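Here are my notes on this model, as numbered points. Please read them with the coordinates open.

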Amino acid sequence: MCRAAALVVLFALAPEGRAVDDPTKVFEERILPIFKSPDPSSCVRCHLAAVDLKNYILPSAKDTFLALRDQGLIDIDKPENSKILALINRGANDPKAAGLITAKKQKAEYEAFAAWIRACAADPALRNAPKPEKVPALGTKPAEVVRHARKDRMLESFEKNIWSLRFRCMNCHTEGNPQNDKLVKEYGERVAWFKKGGPEATMEYLLASKLIDLERPEKSLLLTKPLNEVKHGGGVKFVVGDQGYKAVRAWVEDVAAMKAGKYEKAADLPPKDTAPKQFGTEAWLKIEKTPDAWGDKLLTVEVFAWDAKAGAWEREPVATSDRVVFGKGKVWQHTLTLLAIPGSDRAKAWEKGKPTLPAGKYLVKVYVDSAEKVKKDWKAKLGADEFAGQIEIQAQWREGYGAMTVADASRAKR
Ligand code: HEC
Ligand code: HEC
């Protein structure tokens, strides 16, 4: 290139008519501070972990350019169409974001990258830089890992596994409930952690609270309180390995692994959750006259609905619950969690309205953990070995502690 032409390029104008800046200077002034900042980037608005704008920056301007270009994240000819800008700008126009600190940060990040990419695109040395033998590697994670740690995905799992538990905590922790109001007066706002705002508000609250121990998830207060391992105002509400414990333990383990960056590749992720959707209810099932052999053991029920058309019990349980049998009183009782395949008519109806079961004929299958299998391995599931009998009932499924549906264990058939 002749000298004159080089000068023309050097003083070329960006499309907006502004003089083009030196890419290295822009990088040092606007991109490096993002790289060096100890604070998370705006991506945390929607990604709980696994992505940060820092992962897309390398200490040198040239390496950053080469790496982003190689990944197809920079569009040299139409800088404003660069994919990295779309990643940064996602949701920027969402009115819900207005005023959020992350939204302001997002705008600043976008403008910094837009200016730098514009400068790079106008720099012939960078434009024409050959692909190096070894392209500098970015610190980004595979798409599966990014997807797993997305807040909307986490919320789905939270809603299914934790939010559905709230009736197990008998409204003691449900904000705005009379039971909770009383406790708040005595213990303060901290007992109102199932938030009035719903699952999202509750998840946000818990993630920012001290109730999750990121280093030792199994020691999270969210587990040790209901276990009464740490003295709990509500007494024993979980035993190791029961349904509530399993749900909370799996969730806090997942959060901790995610936040600690332990998921590097798709294979590190927890197995896909194929279980049915769960819907907490205030319908209680009581099993009375429990035999001595069941006393003080963890008892799980699976409830099957009668399919009149097929003239048979449904194959999959429509509800479940578990708890330790009160041996001295020869009784077991707990709230039911309803189950539905995601996308099924039942799931849709229960998502829209109040989850309930119609009155009718039901089969209650009882499993008793006599060998304390789940205490030894919290992930273990009770099955044929623990089957203790089944009871046919006519159920109304009225709600409330005072209106329990009752099954008589002395009528259990094996
Ligand atoms: C307003 C919410 C929001 C913000 C903020 C956000 N993302 Fe995302 N991100 C999403 C959603 C939703 C998806 C899934 C999009 C899809 O599957 O179509 C996603 C997907 C991704 C993916 C997967 C690949 C792809 O092209 O879809 C990457 C990588 C990613 N985001 C990076 C980032 C980075 C880096 C930031 C911060 C600079 C960020 N995101 C900020 C919501 C957001
Ligand atoms: C009968 C009411 C009652 C029930 C039911 C109950 N709790 Fe509690 N819980 C309390 C009281 C009172 C406190 C405050 C005193 C304390 O810290 O133990 C508390 C405190 C807690 C805390 C500590 C909150 C904080 O920020 O310090 C956690 C976590 C907790 N409970 C979890 C649970 C879970 C999970 C369940 C249900 C599976 C449950 N509780 C059921 C009454 C209850």
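1. Start at ligand 2. One nitrogen atom of ligand 2 has a polar side-chain atom of His173 at 2.7 Å. Lys225 places a polar side-chain atom 2.7 Å from an oxygen atom of ligand 2. For His232, a polar side-chain atom lies 2.8 Å from a nitrogen atom of the ligand. Helix H9 (178–187) and helix H11 (221–224) are the elements that give two or more residues to the shell around ligand 2. Helices (H or I, at least four residues) and strands (E, at least two) are DSSP runs, numbered from the N terminus.

2. Basis of these notes: this is a predicted model, where local features need pLDDT of at least 70, side-chain atom pairs count only at pLDDT 80 or more, and totals for chains, interfaces and linings use all residues. Residues are numbered from 1 along each chain as its sequence is written, chains are lettered from A and ligands numbered from 1 in the order in which they are written, and side-chain values use heavy atoms, with hydrogens and water left out.

3. What surrounds ligand 2? The shell has 21 residues, and the closest are Cys169, Cys172, His173, Arg190 and His232. A residue is near if one of its heavy atoms lies within 4 Å. By class, twelve are nonpolar, four polar and five charged.

4. Ligand 1 carries an iron atom with a single donor from the protein: His47, through NE2, 2.1 Å away. Donors are N, O and S atoms within 2.8 Å of the metal (3.2 Å for Na, K and Ca); water is not among the atoms, so sites may look incomplete. His47 sits in the loop between helix H2 (23–36) and helix H3 (61–70).

5. The whole structure holds eleven aromatic pairs. Rings of Phe, Tyr and Trp (its six-membered ring) pair if their centres lie within 6.5 Å; planes under 30 degrees apart are stacked, over 60 edge-to-face, the rest tilted. Tyr245 and Trp378 are edge-to-face, at 6.1 Å centre to centre and 75° between the planes. This pair links distant parts of the chain, 133 residues apart. Both Tyr245 and Trp378 are buried, meaning under 20% relative accessible area, with exposed over 50% and partly exposed in between (1.4 Å probe, protein chains only).

6. Why is the pair of Tyr362 and Trp397 edge-to-face? Their planes stand at 80° and their centres are 5.3 Å apart, so the pair falls in that class. Tyr362 belongs to strand E6 (residues 360–368). Tyr362 and Trp397 are buried.

7. Ring pairs also join Phe27, Phe113 and Trp116 into a cluster.

Methods: Polar contact = N/O pair within 3.5 Å; in protein donor to acceptor, adjacent residues only side chain to side chain. Nonpolar A, V, L, I, M, F, W, Y, C, P; charged D, E, K, R; others polar.
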